[in-house]
Amino acid sequence: MKNYADLWVGYGERKANRDCEHLKKIRLSGAPESDCIVKNAVKELKNGMKAMLDAEPEIVFGEAAAPVAVTDGKSLRESEEYRITICDDALSLEARSGAGILYASFDLLRTVACERDVRKAYAEGKTVRPSNPLRMLNHWDNMDGSIERGYSGESFFYVDNEIVIDERTRDYARMIAAVGINAVVINNVNVKQAASLMITDRYFDKLAELGRIFAEYGIRLFLSLNYASSIEIGGLDSADPLDENVIAWWKEKMAEVFGKIPTLAGFLVKADSEGRPGPFTYGRTQADGANMLADIVKEYGGIIIWRCFVYNCRQDWRDRKTDRARAGYDNFMPMDGDYHDNVILQIKNGPMDFQIREPVSPLLGGLRRTNQMLEVQIAQEYTGHQIDVCYLIPEFKEILGFKTYCSESRDTVADIVSGETFGSRYSGIAAVTNTGNDFNWTGNYLAGANLFGFGRLSFDTELSAEQIAEEFVRMTISQDDEVVRTIVGILLPSREIYEKYTSPLGIGWMVTPATHYGCSVDGYEYDRWGTYHRADHLGIGVDRSDKGTGYALQYNEPNASIYNSPEKCPDELVLFFHHLPYTHKLHSGKTVIQHIYDTHFEGLEEARKLAETWDALKGKVDDAIFDNVRERFERQLFNAREWCDQVNSYFFRKSAIPDEKGRQIW
Ligand code: GCV
């Protein structure tokens with residue numbers, strides 16, 4: 001008996017309503033039978049169909065095609081494309097690589113698992129090319145087994161500074177490949193202690209094995225890198241990217257590392273951020289640091305993914321000039337075009353830090369001559385710790401759909417990170433993952449929808465949040481239409497509900513410092529992190545207009561003018577960009593203060609309704625899933641009530657303006 005759930009690769013024994021007719025014989029063409037990814041695809045098809053239909057399909061092989069030489073993101077996407085058609089004698093899966101065959105197999109398995117009509121799904125032929133070249137998960141797992149911002153147990157990669165490889169590792173690879181993930185960073189971006197030794201003999205064998213397992217599912221292995229390795233493990237006294245000794249040390253080190261871990265695809269680097277070392281120490285730019293490493297790993301086909309989360313975390317709250325939101329753009333824009341072609345800048349979706357509502361980072365649409373990747377967070381650091389249900393796919397859809405006005409056409413974030421807008425060499429999307437060694441992988445069972453959904457969306461950004469939610473429920477909880485509708489109905493509004501009872505109108509923060517769960521309106525107000533709401537008895541918000549920090553002007557027009565004006569700025573972001581009186585009228589017709597009261601009461605009430613809706617599923621879903629989510633809802637309601645009452649009381653006490661509806665405020 002496994003000590004973890006199979007989630008969407010369990011398939012289960014639900015034989016009703018499934019059409020076996022077209023599934024007796026499956027022909028795989030385009031990649032050789034001997035390819036190890038194809039072998040895994042065959043295994044998936046046989047085991048999956050057997051579980052679902054009680055019959056193993058006959059697998060036959062068609063012609064192999066000339067393989068695509070993968071040299072960049074575009075060719076990577078081409079190589080992963082697949083086509084499924086119904087032929088007279090068999091169902092045909094064609095691709096140009098093992099990975100394409102694997103994705104086609106998972107497509108077919110999903111169709112059957114969701115009880116969709118196979119004939120309808122493929123009658124006209126279905127061709128799919130992944131939307132994004134790199135579709136990546138970032139683990140913030142530490143080697144002692146803890147996980148930074150982990151809310152679902154401990155790491156399943158590490159115990160006591162050792163790398164663990166077991167059946168769970170392989171099933172994890174299956175599970176994420178099944179939703180289209182093709183790259184994983186297996187250690188925390190804060191690389192300290194034992195993790196700094198990942199690029200030494202101590203871990204090479206295990207990493208090579210791990211890399212092999214992932215590669216057999218089309219997944220590239222990346223490691224987070226300690227920028228100061230030349231000092232910490234090399235014994236040099238510098239990490240200056242222009243220092244010849246430092247460069248020589250890295251050359252030798254990378255030859256060793258890529259020699260020992262042949263499947264290694266590259267590194268993720270957090271430099272000059274929150275106490276991590278970086279090129280700034282030596283008066284060098286971020287480009288100097290990234291390019292030095294990129295030049296060295298180039299001969300091994302390696303990529304350097306460099307994070308843009310670089311800001312001053314020792315700010316003085318009295319200082320109104322320094323604006324953390326500006327930092328990414330200020331630090332990285334001036335060198336647009338200087339980053340070498342195997343560097344990718346990884347940009348958090350918002351300019352601050354994964355708050356429930358932020359504007360899209362102006363680097364996306366600002367940078368034009370640099371490879372870029374979007375970074376989102378499915379670990380619910382600021383969005384309820386996988387206690388509160390918060391389905392994030394609607395938010396990711398908004399981000400991807402955001403028009404940056406960086407070009408006449410194809411100017412959305414989705415266009416940019418797909419590589420289409422600027423013909424970037426590499427691009428993609430990464431998510432800080434929400435997994436751990438809990439039985440159900442993600443703590444709250446419903447948080448699994450974010451893991452499933454991130455993969456599906458990064459593979460096909462056209463999918464709707466609703467389609468993805470429905471697939472998740474059908475594949476892991478129930479096929480009963482009523483149950484599916486009910487759970488999809490819980491997931492879809494959950495982000496908006498979470499936003500309503502937490503911080504209003506884009507202001508963010510107001511969370512308990514350090515843990516980031518629960519309300520603390522002034523928790524970060526007098527701190528060093530650059531995270532302020534600036535509320536006084538007259539108003540609230542940060543002036544980021546041209547009269548304030550000027551952040552709004554980092555956007556392309558017309559976004560800059562829209563955000564710069566309190567009249568034009570969308571309500572949901574207005575306090576991010578402007579300091580406004582409580583009596584300011586929003587587009588909704590409500591005043592700021594009334595909006596705060598109303599949304600908080602509504603958010604609490606709507607969270608209660610979600611919990612009641614879940615309660616009504618007792619007996620209709622697996623007891624373990626029911627109890628898991630129910631227990632989380634109890635905690636969510638406690639949390640939502642605290643948020644509602646504390647925020648409302650705080651602003652009533654500050655403003656002395658009563659609630660128009662006379663509800664109880666403490
Ligand atoms: C991994 C925030 C989090 C940190 C995280 C950091 C980052 O500050 O609270 O835990 O560190 O972001 O993204 O690097």
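**View 1. Lining of the largest cavity in the predicted model.** Helix 10 contributes the largest share of the lining of the largest cavity, namely 5 residues, and helix 10 (324-332) and strand 13 (343-348) each supply at least two lining residues. Helices (H or I, at least four residues) and strands (E, at least two) are DSSP runs, numbered from the N terminus. A cavity is a set of points on a 1 Å grid over the protein atoms alone where a 1.4 Å probe fits but cannot get out, and lining residues have an atom within 4 Å of a point. About 150 Å³ of space lies in this largest cavity, the volume being the space filled by probe spheres set on the points. Of its 18 lining residues, C308, F309, G328, G350 and P351 are the closest to the centre.

**View 2. Pairing of strand 3 with strand 4.** Strand 3 (residues 82-86) and strand 4 (residues 91-95) pair in the antiparallel sense over 5 bridges, and I84 has L93 in strand 4 as its bridge partner.

**Model and numbering.** Residues are numbered from 1 along each chain as its sequence is written. In this predicted model, local features need pLDDT of at least 70, side-chain atom pairs count only at pLDDT 80 or more, and totals for chains, interfaces and linings use all residues, while side-chain values use heavy atoms, with hydrogens and water left out.

Technical notes: 1 Å grid on protein atoms, 1.4 Å probe; cavity = no way out; pocket = protein on both sides within 12 Å on 5 of 7 lines; lining within 4 Å. Pairing = 2+ DSSP bridges.
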